[in-house]
Amino acid sequence: MRLIDVNTLEFEEFIGSEIPQYAILSHTWHGNTEVIFQEWERAATDASIRQKAGYAKIVGACRLARADGWQYLWCDTNCIDKTSSAELSEAINSMYAWYRDSQVCYAYLNDVRAGTSTDTLSKSRWFRRGWTLQELLAPSTVRFYDQDWTPIGTKMELASTISDITRIHIGALGDRSTIHKYSIAQRMSWAADRETTRPEDIAYCLLGIFGIHMPLLYGEGPKAFERLQREIIEVSADQSILAWDLQDSSEHPLTSALAPSPAEFRFCGSVVPAHDHDQKPYSTTNSGLSIILVLIRMLKSGMVLVGLNCAKELHRDCPHSRLPNGAKIHRHFRIWIPLCRLNDNTYARAHSPSSKVYLEESYPQLARQTLTDLLLCLDTHRAHLGRPLGSSPVMPGQGPLDTYAGVMVRVASGNISPRQIFREVYPLGDISIVQFGQRKASTVSNHLVSNGTFSVVLSVFWDSNGSPQEWLHTTILDSTLRPSGHMTSEVAWECLLGAGGNEQPLRSYNNVDAMRSCHMRLQKIHEASLSSYMKQERVPVICIEKEPLRDVFEHPELIVDVIFR
């Protein structure tokens, strides 16, 4: 390990147990203003190097370390000879450990001035870079400084703010020993909004967080992230690595079982291991991912749902006579993912009815489940050559959503009693679940759940605090709805209300009155066509829990059951 002596500003090299105590610098790179290894060695005789902003930054960190009583400092810009591929590979595979073993980490935010608002802090580039994720998590002590080296606070002092900015669990910020206890999906979600200059680095910057060592192959592009996932599978039975969501609805509906990037795990912060389900080992082969899963067949030819050994964890606060702050009642919702059979026992990942499916509570216990040995396709090109899923009669969504949905739709199909107890269950048909309109403060978000004949339109108005204030649902009978490209909430509503004839669509759909008006018009349009089905008790049953649950970040989640009969 090459360290800077903070008194002489010269390098010294140490091996293994000889490595002394040291401070470490975390920062963001700014092109050729940084000082690399070769330049640092010439800096004493080259004034132009000493005039660089990167040189002043490292000297400032050395001055801080010296004042704190540390003789050595490590910095990634100049302590690695990047002209040596062997040294670079060793450094990147060791970097998490180097930050973990440091006495203190100085996080230098050159785009922040102390005393500014939390909103300004949240916009710092430091919180968006891939490499700074491990630099935040690995050290026991992280101290933040602004552009003038004025203290901002420590990781512990700012933990709540940092968690809000990064969606990293506050427990992981407070106790680094718990990091590897979080599910794979949760740890991936921490990197979902982070960026790296080189595409391979979004995988390499996560090596330490998953305890993985692998060779670096710059030039392989996005395949680096696929290779990281394969390495994780070799050492973990956690199936939450499969619980990702396809971000772009315009993509091909069949994909590899592995995610293309951490961005697909953006909303997986509450996905936890489900230890009450099978933890059978699985592995990658030259034919795909060999795995044994519980399988439920759907009516749609070749389509199945498979249950993973992970669940979404939500909770509700409740009073407790012996606990002054009350207690949390946790509920777990097992995650199912849809697959499409390519041939024999080989399946591609499907994203219809959605990337992840939640089944009504009693449905999985009554449905016919079989433990099946499967091969999941890991070849994206082969998955794209799979047979098309066809056009499902659903409304389109509006592309990748950057806001937490706040609604969990659980589906089932069967014959139920007036008390909502299943008499018998049926295989799920051509079910589709889409969202149009994002959940934001003082706006309406909408979901459409369809089985090809009946569709349920669910609208939720979110108050200024981001909590559901009011919700409405309407059943419609229209098998002519077809998917198209990205669509805004307004256009989607105009399509839904288009059968109404001469009435002009409302201009605004983002308030309670507009939401009520839209549903009244929908009910009027479909009242006559639904009457005979209602008498025969064939329309879907919709059950919405009165009180929303909350996820690990205290975001509210409305639980909605849609049962097709």
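Tutor: Before we start, one term: contact means heavy atoms within 4.5 Å. And keep in mind that this is a predicted model.

Student: Okay, what do the buried residues of α7 pack against?

Tutor: Three elements: α6 (131-137), β6 (142-145) and α8 (170-174). Packing is a matter of contact, so heavy atoms within 4.5 Å are what count here.

Student: Which residues of α7 are called buried?

Tutor: In helix α7 (residues 159-166), they are Ala159, Ile162, Ser163 and Thr166. The label means under 20% relative accessible area, so each of these four falls below that cut-off.

Student: What puts them on the same side of α7?

Tutor: Their arc around the axis is only 100°, which is why they share one side of α7. Just past the helix, Arg167 has a positive phi of about 60°.

Student: On to the sheet, β19-β20-β21-β22. What makes β19 and β22 edge strands?

Tutor: The sheet is open, with 4 strands in that order and antiparallel pairing. β19 (432-436) and β22 (468-477) each pair on one side only, and that makes them the edges. From one strand to the next, the twist averages 15°.

Student: How do you know that β21 and β22 count as a pair?

Tutor: Pairing takes at least two bridges, and β21 (residues 454-462) has 9 to β22, so they qualify. One example is Ser455, whose bridge partner in β22 is Ile476.

Student: Which helix packs on the sheet?

Tutor: α15 (residues 512-535), which touches β20 (443-450), β21 and β22. The direction of α15 makes about 30° with that of β22.

Technical notes:
Residues numbered from 1 in each chain as written. Predicted model: local features only at pLDDT ≥ 70, side-chain atom pairs only at ≥ 80, totals over all residues. Heavy atoms only, no water. Buried < 20%, exposed > 50% of the residue type's maximum accessible area, 1.4 Å probe, protein only. Arc of directions from axis to C-beta. Axes fitted to C-alpha atoms, helices over the stretch in contact; angles between N-to-C directions.
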